[in-house]
Amino acid sequence: MEEYYNYIKSLHLIFVITWFAGLFYIVRLFVYHAEAKDKPSPEKEILIKQYQLMSYRLWYIITWPSAILASVFAFWMLFFTTLGNAWLQMPWMHVKLGFVFLLYLYHLKCHQIFLQLQRNEIRHTSAFFRIWNEGATLILFAVVFLVILKDALNWIYGVIGIFVFSILLMLGYKLYKRIRERNQS
């Protein structure tokens with residue numbers, strides 16, 4: 001089993017990447033869907049139908065299968081290899097698994113929102129979804145820093161950095177929005 005470890009790790013990483021890609025894009029589609037509700041007919045109905053179809057395909061063909069396969073390969077690495085068993089004893093891995101648990105919760109909340117939007121129940125604004133999209137980014141940064149640094153404490157600096165960066169992005173977006181609104185009037 002050990003001789004296949006790098007193959008298993010590679011497959012795990014590939015599916016983690018596609019899982020995150022799906023999570024990032026699904027929330028972007030949520031933004032577009034929320035903005036489409038304010039469009040005039042028939043544009044509104046056409047856009048919503050298209051976003052529902054795109055979301056459905058992304059969610060069930062890419063995101064869910066990627067989440068499941070990333071998890072299968074992760075469990076395989078952790079529980080069926082000697083190195084995985086050693087990692088389970090390390091504090092940084094406990095913190096990482098905590099973030100993975102948060103990622104599953106994030107994924108499930110996205111699934112709930114996805115189902116609402118499939119029923120055309122728009123309960124959140126596009127601004128909410130833009131902020132919601134940062135959740136996956138924070139989890140991604142935390143996990144990557146944990147895995148690379150293999151330290152249960154130093155990952156915090158990377159997450160603080162991305163948090164500050166996210167705040168700057170949101171402030172930049174608000175400034176851009178004000179400038180755009182001023183130029184339109």
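Because the model is predicted, local features are given only at pLDDT of at least 70 and side-chain atom pairs only at pLDDT 80 or more, while totals for chains, interfaces and linings use all residues. Residues are numbered from 1 along each chain as its sequence is written, and side-chain values use heavy atoms, with hydrogens and water left out.

The secondary structure consists of six helices and zero strands, where helices (H or I, at least four residues) and strands (E, at least two) are DSSP runs numbered from the N terminus. The order along the sequence is α-α-α-α-α-α. The C-alpha trace spans about 65 × 35 × 20 Å along its principal axes. Of the 185 residues, 34% count as buried; buried means under 20% relative accessible area, exposed over 50%, and partly exposed in between (1.4 Å probe, protein chains only). Contact is defined as heavy atoms within 4.5 Å. Among contacts between residues at least 6 apart in sequence, 78% join residues at least 24 apart.

N120 follows α4 and has its place in the loop between α4 and α5. The phi of N120 is near 60°, a positive value in a residue other than glycine. N120 counts as partly exposed because its relative accessibility is 40%. In the loop between α1 and α2 lies P42, and the peptide bond from S41 to P42 is cis, with omega near 0°.

Pockets were identified on a 1 Å grid over the protein atoms alone: a cavity is a set of points where a 1.4 Å probe fits but cannot get out, and a pocket is an open set with protein on both sides within 12 Å along at least five of seven lines. Lining residues have an atom within 4 Å of a point. Grid points are joined across faces, edges and corners, and a volume is the space filled by probe spheres set on the points.

The largest pocket holds about 720 Å³ of space. Its lining comprises 30 residues, with H12, V16, K96, V143 and V147 nearest the centre. Helices α1 (5–36), α2 (43–79), α4 (91–118) and α5 (126–149) each supply at least two residues of this lining, and the largest share, ten residues, comes from α1. For the classes, Ala, Val, Leu, Ile, Met, Phe, Trp, Tyr, Cys and Pro count as nonpolar, Asp, Glu, Lys and Arg as charged, and the others, Gly among them, as polar. On this basis the lining of the largest pocket has 25 nonpolar, two polar and three charged residues.

The second largest pocket holds about 400 Å³ of space. It is lined by 15 residues, and A127, R130, I131, M170 and Y173 are the closest to its centre. The elements giving two or more residues to this lining are α1, α5 and α6 (155–184). Helix α6 provides the largest share of the lining of the second largest pocket, seven residues. By class, this lining has five nonpolar, three polar and seven charged residues.

H12, in helix α1, counts as buried because its relative accessibility is 14%. Not counting residues up to four places away in sequence, H12 touches A70, F73, A74 and M77. Q52 is located in helix α2 and counts as buried at 15% relative accessibility. Leaving aside neighbours within four places in sequence, Q52 is in contact with H33, L117, Q118, R119 and N120. F30 has its place in helix α1 and counts as buried at 1% relative accessibility. With residues up to four places away in sequence not counted, F30 touches C110, I113, F114, L117 and F129. The C-alpha atoms of F30 and N183, 153 residues apart along the chain, are separated by 27 Å.

F30 also belongs to a cluster in which ring pairs link F30, Y106, F128, F129 and W132. Rings of Phe, Tyr and Trp (its six-membered ring) pair if their centres lie within 6.5 Å; planes under 30 degrees apart count as stacked, over 60 as edge-to-face and the rest as tilted. The count of aromatic pairs by this rule is 18.
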